[in-house]
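The following note is intended for a reader who is new to protein structure. Please keep the model in view while working through the numbered points.

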Amino acid sequence: MILAALSAGALASPFDPAPGLFRSRAARSENLDCERISTEAAVRRYPGLVQPERPRGDFVERDVVVCTERLARPGLRDPRDEAILSTLEDTVAEIAGAVEALRPDLAGRTWLVEAYDDSPRVTSKVSFAAKNALMTHGLTVSDRTPALSAGDIEVLGRMPPDQAFTGACRRYADSGALREQDVLLAVTSRDPRETVLHAGICEGGLWTWLQ
Amino acid sequence: MYDASSRSTGREPARLRCCKRSFPQGAGGPSQVTRVHRPILGALALLLGGCVHYYQPMADLHRPTVIDPRLPNFSDVSLTVRCEPGDLITVQDASALCRKVATLFENQGATVATALGGEEAEAVGDDDDDTQQAAAPAGDLTGLTLVLRSRKVHASYHPLSWVFFTASFTVLPGVNETTFAQDVVVRDPTGACSRRNFEGRIVDRVGFGSWFGNTLADWLDRDKEHRLTGDAMDEHLSHDLYRQLSQTVFNAKMQWEIQEQLPARAPQEAP
């Protein structure tokens, strides 16, 4: 018992994020995003928490591993939702950058945003984030959502994704749901096995993939 | 001159062992001390206890994935897996890694070829039949190239822990650790590429205390998925890396399908 207690005490290094005797993989290390940084960088980033190196160097080598706990613990959200949402900020920033770079001629138009996903929660988060990203780039964004008739949706729903987007874009223009000064940015995933989002633009009844 | 292109054979992808075998080989400082003392300490540990290897995913290795590597996800893909030896893995380790990754994708329906070395080796290997076959996929297959580079980010030898390890007759653990990076590049037929960087940390705790405590915990408390002794590190690392590689290549394939529909523009220069 004494040996076991001694072993336990010895192994429980409280600041090491690696799995160990009292840290299961699921409970600790898989819930953390970590990066290794230099002591100098750590002192700058966390003043007071990390002591700077002594002028003549430290007696022992020191490492700094900075870990951030994830917002949602592993398993709480569907893996696909988690994969998309955990990188959503970067994804929408990239899409907004592509819009600005590839279609500067549309900068003066009013942008509508639609997101398509199996999960309504993910859809609303993606749509909200994409609108914010477009506004950050100085574009005019509307909350209006272009609508299609039930018949159109039924027909388009039976088409492969690429044809469906082209067909829907044409129907938006023909039905007047998308006005002349409007541009629709659609953000979607094309396959349930992928964890990246693609974006396309519907303008004047013509559909173009952005990325 | 170590281009060793070869066709893979369909079978169960083996677990990765390259990281455990390929600990720092650099000269000077802590690495040199580790290299000199590792055999002695290893023998001592075997006599008096054992060694437990801990794997901690750091960046992106434990990101959620959706793809199921048991399904034929790449039946329309011709994939060239190119592994580049570096400071972390030797040519032999790179070759073994290439074979395992090739098996992973072949099991998912891809037509796979492997090659070793960087850009120069690729040019030398142009005479090789397999390399030429990989570079020119037949029929409607999408030709993708997966480039794998392993890097040692950091290696650390904790001298105080070894002092305590010796003074406590191996009850207290001696600790070594290595942080590694797996750089992954997927190139589509136009040369455009997507990149991912995976980072992980391997911590070795040597000594009877570490081995005894974890063996006891594995035996009494932990379920199979969360065990830490034995081959657990290899299993966990392989599980994470194989899933991330499958997901990365699949995402690149989907991205290529979009690229094909874009209006023609100047091809991007490959790095």
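1. In chain A, five strands make up an open sheet of mixed pairing, in the order 4-3-5-6-7. Strands here are DSSP runs of E of at least two residues, helices are DSSP runs of H or I of at least four residues, and both are numbered from the N terminus. Two strands pair if DSSP finds at least two bridges between them. This is a predicted model, in which local features need pLDDT of at least 70 and side-chain atom pairs count only at pLDDT 80 or more, while totals for chains, interfaces and linings use all residues. Residues are numbered from 1 along each chain as its sequence is written, and chains are lettered from A and ligands numbered from 1 in the order in which they are written.

2. Strand 4 (140–142) and strand 7 (206–209) of chain A are at the edges of this sheet; each has a single partner strand, so one side of each lacks a neighbour in the sheet. On average, neighbouring strands are turned by 30 degrees against each other, direction ignored. Axes are lines fitted to C-alpha atoms, for helices over the stretch in contact, and angles between N-to-C directions run from 0 to 180 degrees.

3. Strand 3 (residues 110–116) of chain A pairs with strand 4 of chain A in the parallel sense, over three bridges. Opposite Trp111(A) stands Val141(A), in strand 4 of chain A.

4. Helix 5 (residues 120–136) of chain A lies across strand 3, strand 4 and strand 5 (182–188) of chain A, and runs at about 155 degrees to strand 3 of chain A. Helix 7 (residues 161–175) of chain A lies across strand 5, strand 6 (198–203) and strand 7 of chain A, at about 140 degrees to strand 7 of chain A. Two residues are in contact if their C-beta atoms, placed from the backbone, lie within 7 Å.

5. Which residues of helix 5 of chain A are buried? They are Val122(A), Val126(A), Ser127(A), Ala129(A), Ala130(A), Lys131(A), Ala133(A) and Leu134(A). A residue is buried if 20 or more other C-beta atoms lie within 10 Å of its own, exposed if 12 or fewer, and partly exposed in between, with C-beta atoms placed from the backbone. Their cover includes helix 3 (79–86), helix 4 (88–102), strand 3, strand 4 and strand 5 of chain A. After helix 5 of chain A comes Gly138(A), with a positive phi near 80 degrees.

6. Turning to the two chains together, 41 residues of chain B are in contact with 37 residues of chain A. Helix 8 (232–261) of chain B is among the elements that each supply at least two residues of the side of chain B touching chain A. Helix 8 of chain B gives the largest share of that side, eight residues.

7. Chain B has eight helices and seven strands. Of its 271 residues, 49% count as buried.

8. Two residues of chain B deserve a check of their backbone. Asp60(B), in the loop between strand 2 and strand 3 (77–84) of chain B, has a positive phi near 70 degrees although it is a residue other than glycine. Asp60(B) is partly exposed, with 18 other C-beta atoms within 10 Å. Phe169(B), in the loop between helix 6 and strand 6 (174–187) of chain B, is not a glycine but has a positive phi of about 55 degrees. Phe169(B) is partly exposed, with 13 other C-beta atoms within 10 Å.
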